[in-house]
Protein chains: 2
Amino acid sequence: MSDDRPLDPVQLDAYFALIEVSSLLRHTVEQQLKESGGLSYVQFQLLATLGDAPSGRRRMTDLADGVVYSRSGLTYQVGLLEQAGLVTRAPSQEDERSVVVTITDAGRAVLATVFPGHIAVLRELLLDPLSDDDVEALASVLDRVRAHMRSIPPRSAAPRRRAPTR
Amino acid sequence: MSDDRPLDPVQLDAYFALIEVSSLLRHTVEQQLKESGGLSYVQFQLLATLGDAPSGRRRMTDLADGVVYSRSGLTYQVGLLEQAGLVTRAPSQEDERSVVVTITDAGRAVLATVFPGHIAVLRELLLDPLSDDDVEALASVLDRVRAHMRSIPPRSAAPRRRAPTR
DNA sequence: GCTCACTGCTTCGAATTCGAAGCACAATGA
DNA sequence: TCATTGTGCTTCGAATTCGAAGCAGTGAGC
């Protein structure tokens, strides 16, 4: 099925540049977040996701999906946020298994504190060297890739306990 | 200096898409590497960098720069690769402080084993939904961003032991 | 109502990660 | 030459990460 020829230089370049740019961006952002609000990148993503949500709440599972993260890691980080008073955890009414996480006022406050610096880093590193058209093009291409990725079943789609080939 | 206005939706979208795409890509690639060759992503990057180098050797520092990684983490991972027999470590002749890492034949073999699957994942996730022009555009924009990032002094550029403001 | 498979989350241990501190060599300059 | 500063790497401890296993609660089928 899949094509064994090597990638051409432009494809390789796109790939390497993507990895390097996102790594560097993430590193810098992480540092800014730590300095200005004592947050890790994941914690910021979680708070931001919650801040966007209708009433500031989401189920653990939905959070994990939005953040590309392992379940256990999520439990850990949400635990830290809870300790810090930035979120609240409570079992769902509808489904006794689910846990609903809610952002607190303190959480929103931290978010507000951290945001300006966050945006400044984005501008400085990512946006400054690009024209509006560039940004548009980048968004357009990556949107398409993202949609494609989401539509593909994850590699280990095998359910938890399932007779293999039987 | 920096502009306090919020980002417009397209800019935000470009940013979020960049993060999500690179995270998902990295996750999937990592998994493929682990299955097919028992390598972590960093280990693969290191081997690939060495494989590209003139005579398969590089100093630790140069490796770290190419990979966006902490020094101590590099020491750890190179240690693992050495244990596995995929690289060799030896002090540099010219500078007694430096350590020169060299890829072994076994290392090249693993690289060769892993590569086809690696490329297949790239195609499947990243390249398939894109036209040649899209890839070209992506590479062009990200190249520019990468060059810009490299030209900016790292945030904590302060030398190791330095009187602060004095 | 019961049973059985599934889902949502947490706990556990092992592996990886980072930054700070330490060690040895190098280079500068008095 | 010798002190002083700087550079390259490693070691150390603490924090984070993941996957596997475990524990309820749900829901489908009988």
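Which phosphate oxygen contact does the side chain of Tyr69(A) make with DNA strand D, and at what distance? A phosphate oxygen of DNA strand D is 2.4 Å from an N or O atom in the side chain of Tyr69(A).

This is a predicted model, in which local features need pLDDT of at least 70 and side-chain atom pairs count only at pLDDT 80 or more, while totals for chains, interfaces and linings use all residues. Residues are numbered from 1 along each chain as its sequence is written, chains are lettered from A and ligands numbered from 1 in the order in which they are written, and side-chain values use heavy atoms, with hydrogens and water left out.

**View 1. The protein surface near DNA strand D.** DNA strand D is surrounded by 23 residues, a residue being near a strand if one of its heavy atoms lies within 4 Å of it. The closest are Tyr69(A), Tyr76(A), Gln77(A), Thr61(B) and Thr75(B). Of the atoms of DNA strand D within 4 Å of the protein, 62% belong to sugar or phosphate, and the rest to bases.

View 2. The elements that give two or more residues to the surface are α4 (71–83) of chain A together with α3 (60–67) and α4 (71–83) of chain B, and α4(A) gives the most, with four residues. Helices (H or I, at least four residues) and strands (E, at least two) are DSSP runs, numbered from the N terminus.

**View 3. Arg97(A) and its salt-bridge partner.** Asp95(A) forms a salt bridge (a side-chain nitrogen of Lys or Arg within 4 Å of a carboxyl oxygen of Asp or Glu) with Arg97(A), the closest N and O atoms being 2.7 Å apart. Asp95(A) is partly exposed, with a relative accessible area of 23%, and Arg97(A) counts as exposed at 71%. In these terms, buried means under 20% relative accessible area, exposed over 50%, and partly exposed in between (1.4 Å probe, protein chains only).

**View 4. Strand β3 of chain A and its neighbours.** Four of the five residues of strand β3 (residues 99–103) of chain A are buried, so this strand is largely enclosed by the rest of the structure. Two strands pair if DSSP finds at least two bridges between them. Strand β1 (residues 57–59) of chain A runs antiparallel to β3(A), joined by three bridges, and Arg57(A) has Thr102(A) as its bridge partner. Strand β2 (residues 87–91) of chain A is likewise antiparallel to β3(A), with five bridges, and here Arg89(A) is partnered by Val101(A).

**View 5. A salt bridge between chains.** Asp13(B) forms a salt bridge with Arg146(A), the closest N and O atoms being 3.0 Å apart. This pair crosses between chains, from helix α1 (residues 9–37) of chain B to helix α6 (residues 132–151) of chain A.

Technical notes: Polar contact = N/O pair within 3.5 Å; in protein donor to acceptor, adjacent residues only side chain to side chain.
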